[in-house]
Amino acid sequence: MTLFRMAVLVALVCTNSAKAADMAFFVKNLHSRAVAVELFSRDRETVWPGNDKVFLIDPGSQKSVPLSCNQGERICYGAWVDGNDQISAGVGPDNDQPCDNCCFICVEHSTETIDLVP
């Protein structure tokens, strides 16, 4: 690869990764207890809602969670029963659990649905 091509590739990657996008997550709590939810970036150290806060969703309720992210960024959810983080889903309360289908790609003007089931 020539130096010029490498410079162009680096410029494209840097330009695309910093482009902000607004998207939403529609979270449904199908559990019989309230659930706390956080969204974690896998590409940078960002958590939504952040500042040691969580999205609290009552039993049988749903919540739309809008956020601003970087186009193409991987975002994973962690959820747990309010007051008992031993009962968790997704990447868990500490963003340290493996998951197969709890991450999404940030895409401008898109909505992803998360069904939290017991």
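Modeller: One term first: a polar contact is a pair of N or O atoms within 3.5 Å, where within protein one must be able to donate a hydrogen and the other to accept it, and residues adjacent in sequence count only if both atoms are side-chain atoms. This is a predicted model, where local features need pLDDT of at least 70 and side-chain atom pairs 80 or more, while totals for chains, interfaces and linings use all residues. Residues are numbered from 1 along each chain as its sequence is written, and side-chain values use heavy atoms, leaving out hydrogens and water.

Biologist: OK, which side chain does Glu73 pair with in a polar contact?

Modeller: The side chain of Glu73 makes a polar contact of 2.6 Å with that of Arg44.

Biologist: And where is Glu73 found?

Modeller: Glu73 sits in the loop between β5 (62–70) and β6 (74–81), strands being DSSP runs of E, at least two residues, numbered from the N terminus.

Biologist: Why does Glu73 count as buried?

Modeller: Because its relative accessible area is 3%, and buried means under 20% (1.4 Å probe, protein chains only).

Biologist: What does Glu73 touch?

Modeller: Leaving aside residues up to four places away in sequence, Glu73 touches Ser41, Asp43, Arg44, Trp48, Phe104, Ile105 and Cys106, with contact meaning heavy atoms within 4.5 Å.

Biologist: New topic: how many aromatic pairs are there?

Modeller: The whole structure has 1 aromatic pair (Phe, Tyr or Trp ring centres within 6.5 Å, with planes over 60 degrees apart counting as edge-to-face). Phe25 and Phe104 form this edge-to-face pair, 5.6 Å centre to centre, with 65 degrees between the planes. Phe25 lies in strand β1 (residues 20–29) and Phe104 in strand β8 (residues 103–105), 79 residues apart.

Biologist: Are Phe25 and Phe104 buried or exposed?

Modeller: Both Phe25 and Phe104 are buried.

Notes: Helix = DSSP H or I, 4+ residues; strand = E, 2+ residues; numbered from the N terminus. Buried < 20%, exposed > 50% of the residue type's maximum accessible area, 1.4 Å probe, protein only. Phe/Tyr/Trp six-rings, centres within 6.5 Å; stacked < 30°, edge-to-face > 60°.
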